Amino acid sequence: MSNPEQIKHAIENRPTKPFTDQKPGTSGLRKPTKTFIANQYFENFIQAYFDDLNETNKDKQSTLVVGGDGRHFVREATGIIIQMAAANNVKKLFVARDGLMSTPAVSCVIRKRNTDGGIVLTASHNPGGIDNDFGVKFNISNGGPAPEAVTNSVYDKTRQLTHIRLCPTLLNIDLTTIRKQTYEIEGRTTPFEIEIIDSIEDYVQLMRSIFDFDKIQNLLIGEKGNFPIMINALSGVMGPYVLRIFHEELKAKDAVSVKNCKNLEDFGGHHPDPNLTYAHELVEDMQNGIYEFGAAFDGDGDRNMILGKGGFFVTPCDSLAVLAANLDCIPYFKKHGVHGYARSMPTSGAVDRVAAKNQKTLYEVPTGWKFFGNLMDSKLISICGEESFGTGSDHIREKDGMWAVLSWLSVLANIDRSVEKILHAHWITFGRNFFTRYDYEEIDGPGPFAMLKHLEGMCMSNELLNKTFRTPYGNKEYTITIMDDFHYTDPVDGSYTEKQGIRIVFTDGSRLVFRLSGTGSRGATVRLYADSYENDPSTYTKDAQEMLQPLISLALEIAQLKAFTGRDKPTVIT
């Protein structure tokens, strides 16, 4: 530990003006990068967080973790946070080397090093670069995203700010060398500490404690021959983690092909979202190559997409259900046991059927990983997931893309070497929930909000309750048994969350959900979800879009989506 300068850095109280649009969404604050850079917009949001932290901790000095997904402005933002933390009573920062740390690794480090929380510099799956998006979110001491009570308090403070506090002479901090440094700050009785850490090491140690790496290695390069797989990091933060785990720890370079493992500030000009539209390169590689298994990660590494041989697509809903049904393949759960399961409300009911068979409690929560945290802390659930390509467990308090991939490889190593066969066996046991999501992205104007108002009005009036609709596709009939605006009361702390999406449930168990996305930075994104259960084995291999066409047509009719938005087709279909 050293202080090479041996000087005291002065604190500057710099005047600022408050902003009115810094309310965090589902997962932090996301805006165009240029918005964050201009007019102290970023500094204001960070100051509001520090003010709230000091108020909550009653001015006790805090220890925090700082890391990001490597997008444009992450390194500059890290330097600003260091200057501001020194001036805002932070005792110590654990900073990721070069500012790079996956969101799951941030959660891991917070928990391992017992810090008060962390600042994550990411806009997740949103595009990066100077002309695209940047984001900031705050995590709390359990490693999970800050709950609404915290983000609402921070938002209140953003609208009242008059000054930001920083040490402007605390410059040129070397983020590339792992070491500890201390700095003297005027007006502070204790020095300010910075420790540059290798977050990959902490995360790899955690993965080794969860999985049987020998068994996974035997699957990949064992006596049955190589099991070729393809991993695409989409030029996000996960590249170094992929190379470390698969090529170094598992020594499986001969079986594990990788692409886009160099982190780029603009993600190579691509959209770092692991779905069939934006991860098309992986889809093509799986369709045209010899790979038995494929996976892609998003920009910050918390989301994942799983593919089988020939490009066989595993929906996130099915992925959650299959893993929940096979947790005995993972040593961590043999040691710690399995509590309940949870899913976000729009996610299909596939995992519900696993819960019923295994006699486990199933919790349905609003969209946003923060809603799983209390359930995990109280040992009510062990595994959870969202239809938006997020899966995780109680090993940390974030969704975890690498954990999902290693979980799938554990199932493949123990059950069957074919992803498709595992899914078919699962459907034979539980039936199949056909699921799709239509995203209508970046819609300008009031149309999306008017559409939601239209649907809310029908919820209030109950005018569609018990009404039967006949669709032109498949000559199917649907009768509405529930139509509401989903709300949730946390079973642990009693906190109440409302207006989480319009939910329509039919007598046959089929569901439609309409939501406005909370993760975009431009315009409005309408999301339409359709979920339909089938227990006829002759339907299990049919195309989901074909099976769901009657339900989708009904959704468009009820919502009058084209009339309100002007869109006649979605931007993305999952």
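Q: Where does Asn-466 sit in the fold?
A: In this predicted model, Asn-466 lies in the loop between α16 (447-461) and β22 (468-470).

Q: What makes Asn-466 count as exposed or buried?
A: The relative accessibility of Asn-466 is 58%. The label "exposed" starts over 50%, so Asn-466 counts as exposed.

Q: How do you know whether Phe-389 is buried or exposed?
A: Its relative accessible area is 3%. Buried means under 20%, so Phe-389 is buried.

Q: What makes the pairing of the His-9 and Thr-169 side chains a polar contact?
A: The distance is part of the test: the two side chains come to 2.8 Å, and the cut-off is within 3.5 Å for a pair of N or O atoms, with one able to donate a hydrogen and the other to accept it. Beyond Thr-169, His-9 touches residues including Cys-167, Leu-170, Tyr-183 and Ile-185.

Q: What makes up the largest nonpolar core, and which residues have the most contacts inside it?
A: That core has 75 residues, and those with the most contacts inside it are Leu-220, Ile-245, Phe-246, Phe-293, Leu-406, Trp-408 and Leu-409. Its largest share, nine residues, comes from helix α14 (residues 401-414). To be counted in a core, a residue has to be buried, be of a listed nonpolar type and join the others through side-chain atoms within 4.5 Å.

Q: Which residues does Phe-293 touch?
A: Leaving out residues up to four places away in sequence, the partners of Phe-293 include Phe-227, Met-230, Met-286, Ile-306, Trp-408, Leu-409 and Val-419. There is also a second, separate core of 45 residues, and among its members are Ile-119, Ala-146, Leu-161 and Ile-173.

Q: What is the strand order in the seven-strand open sheet?
A: The order is β22-β23-β26-β27-β28-β21-β29, with antiparallel pairing.

Q: Why do β22 and β29 count as edge strands?
A: Each has a single partner strand, so one side of β22 and one side of β29 (572-573) are left without a neighbour in the sheet.

Q: How do you know that β22 and β23 pair?
A: They share three bridges in the antiparallel sense. At least two bridges are needed, so β22 and strand β23 (residues 477-485) pass.

Q: What makes the contact between Glu-265 and Arg-75 a salt bridge?
A: Their side chains meet at 3.6 Å, N to O. The rule asks for within 4 Å, so the pair qualifies. Glu-265 is in the loop between β13 (256-259) and α9 (280-288), while Arg-75 is in helix α3 (residues 74-87), 190 residues apart. By this rule the count comes to 36 salt bridges.

Q: Why are Glu-265 and Arg-75 given the labels they have for accessibility?
A: Glu-265 has 33% and Arg-75 has 23%.

Q: What does the salt bridge between Glu-249 and Arg-208 look like?
A: The side chains meet at 2.9 Å, N to O. Glu-249 lies in helix α8 (residues 239-249) and Arg-208 in helix α6 (residues 199-210), so the pair ties together parts 41 residues apart in sequence. Glu-249, at 16%, counts as buried, whereas Arg-208, at 40%, is partly exposed.

Q: How do you know that Glu-364 and Arg-511 form a salt bridge?
A: The closest N and O atoms are 3.6 Å apart, and the limit is 4 Å. Glu-364 is in strand β18 (residues 362-365) and Arg-511 in strand β27 (residues 511-516), so parts 147 residues apart in sequence are tied together. Glu-364 is partly exposed at 23%, and Arg-511 is buried at 8%. Salt bridges that share partners join Arg-343, Asp-352, Glu-364, Asp-484, Arg-503, Arg-511 and Asp-531 into one network.

Terms used: Residues are numbered from 1 along each chain as its sequence is written. This is a predicted model: local features need pLDDT of at least 70, side-chain atom pairs count only at pLDDT 80 or more; totals for chains, interfaces and linings use all residues. Side-chain values use heavy atoms; hydrogens and water are left out. Buried means under 20% relative accessible area, exposed over 50%, partly exposed in between (1.4 Å probe, protein chains only). Helices (H or I, at least four residues) and strands (E, at least two) are DSSP runs, numbered from the N terminus. Contact means heavy atoms within 4.5 Å.
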